[in-house]
Amino acid sequence: TYDYDIIMNLKKINGETIKSNFILNNDGVKAEHGFVSITNDESEGFFVTWLDGRNMSINNLNSNHNPMTIRFAQITKEGEIINDTELDSMTCECCQTSVTNTDKGPVVVYRDRNKSEIRDIYITRSILGDWDNPKPVNDDNWKIKGCPVNGPAIDAQANNAVVAWITGSDDIPTVKVVFSEDSGATFGTAFQVDTGDGVGRVSTLMLANGEALISWVDWTDDGEALMLCRATRNEGCVARQTITKHAVSGSFNFPKLERSGDTIYLAWTQ
């Protein structure tokens, strides 16, 4: 029921097809492969990360004892898949991944999982082509015996990076943001973004002035509210705005912030 692959298509801006309907996960295993994040690199290709369940389906026996993993690969401008690498052998099963490019190379954040069912946000960086050992972005110590389907978001400009996520530690859902000035090697103080009713589903953009935008979903008496704030590394959220609320029952799903030139877009399901 849950076996699926990741299909990619590569085109030029003018619409010319470079490569059609090729499979990113080339393991040939019937398993879960998804929750893809992608960003451009400096060689006109792409950095891609995804959750990969190939180890969960080994021999189709005792699959529950083999955890979900996270992988990384590069897609060249010709559509070749290179440097396919496992980043972590045990992760949360279905939380969104996020990847960005810094002046030191690609950086990936995701929701980790350990044998004690602590599911905090972890980061790993590629330094001169070698991935460092994953480490927590913040020690939330959220213990939950199941995937919250609520992953982190990262963005960077040069050596400045920002990470946003939700945690449910102490049974208090909290949307947080934290900044780095050294391409994700270290982080400053983590600040709460929401006002106490955060649902999560975060997205973020690093701005050229060192500040960041964070979007997330809040819960109100009338349903979901799509929120946006401007945050600084020393104060956290300094300007908060409600973008829209649902007029009928439903979900915004996972809103997304994107930049195109000097214009920033926020997209969601209405």
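Trainee: How many nonpolar, polar and charged residues are in the lining of the second largest pocket?

Mentor: The model is predicted, and in it that lining has four nonpolar, six polar and four charged residues. The pocket has a volume of about 160 Å³. Of its 14 lining residues, Glu42, Phe47, Asn101, Gly105 and Pro106 are the closest to its centre. Two or more lining residues come from each of β7, β8 (105–111) and β9 (121–127).

Trainee: What is the volume of the largest pocket, and which residues are the closest to its centre?

Mentor: The volume is about 810 Å³. Of the 32 lining residues, the closest to the centre are Ile38, Thr39, Val99, Lys256 and Glu258. Strand β3 (33–40) gives the largest share of this lining, six residues. At least two residues each come from β3, β7 (98–102), β12 (153–157), β16 (198–206) and β20 (256–260). By class, the lining has 14 nonpolar, 13 polar and five charged residues.

Trainee: Why is serine 98 called buried?

Mentor: Serine 98, in strand β7, has a relative accessible area of 7%.

Trainee: How do you know that the side chain of serine 98 meets the distance limit for a polar contact with isoleucine 154?

Mentor: The side chain of serine 98 reaches the backbone nitrogen of isoleucine 154 at 2.9 Å. The limit is 3.5 Å, so the distance of 2.9 Å lies within it. Beyond its neighbours within four places in sequence, serine 98 is in contact with residues including Ser37, Thr49, Val108 and Pro152.

Trainee: Why is glycine 261 called exposed?

Mentor: Glycine 261 has a relative accessible area of 61%. Exposed means over 50%, and therefore glycine 261 qualifies at 61%. Its place is the loop between β20 and β21 (263–267).

Trainee: What makes a set of residues a nonpolar core?

Mentor: The members must be buried residues of the listed nonpolar types, joined through side-chain atoms within 4.5 Å. The largest such core has 19 residues, and Val177, Phe179, Val193, Ile214, Trp216 and Cys229 have the most contacts inside it. Strand β18 (223–232) gives the largest share of this core, four residues. Isoleucine 214 touches Val177, Val193 and Cys229, among others. Apart from this core lies another, of eleven residues, including Met56, Val99, Val108 and Tyr122.

Trainee: What sets a cavity apart from a pocket, and how many cavities of 30 Å³ or more are counted?

Mentor: In a cavity the probe fits but cannot get out, whereas a pocket is open. The count comes to one cavity of 30 Å³ or more. The largest cavity has a volume of about 30 Å³, and residues lining it include Tyr4, His33, Leu51 and Glu93. Strand β3 gives the largest share of that lining, three residues.

Key:
Residues numbered from 1 in each chain as written. Predicted model: local features only at pLDDT ≥ 70, side-chain atom pairs only at ≥ 80, totals over all residues. Heavy atoms only, no water. 1 Å grid on protein atoms, 1.4 Å probe; cavity = no way out; pocket = protein on both sides within 12 Å on 5 of 7 lines; lining within 4 Å. Points joined across faces, edges and corners; volume = space filled by probe spheres on them. Nonpolar A, V, L, I, M, F, W, Y, C, P; charged D, E, K, R; others polar. Buried < 20%, exposed > 50% of the residue type's maximum accessible area, 1.4 Å probe, protein only. Polar contact = N/O pair within 3.5 Å; in protein donor to acceptor, adjacent residues only side chain to side chain. Contact = heavy atoms within 4.5 Å.
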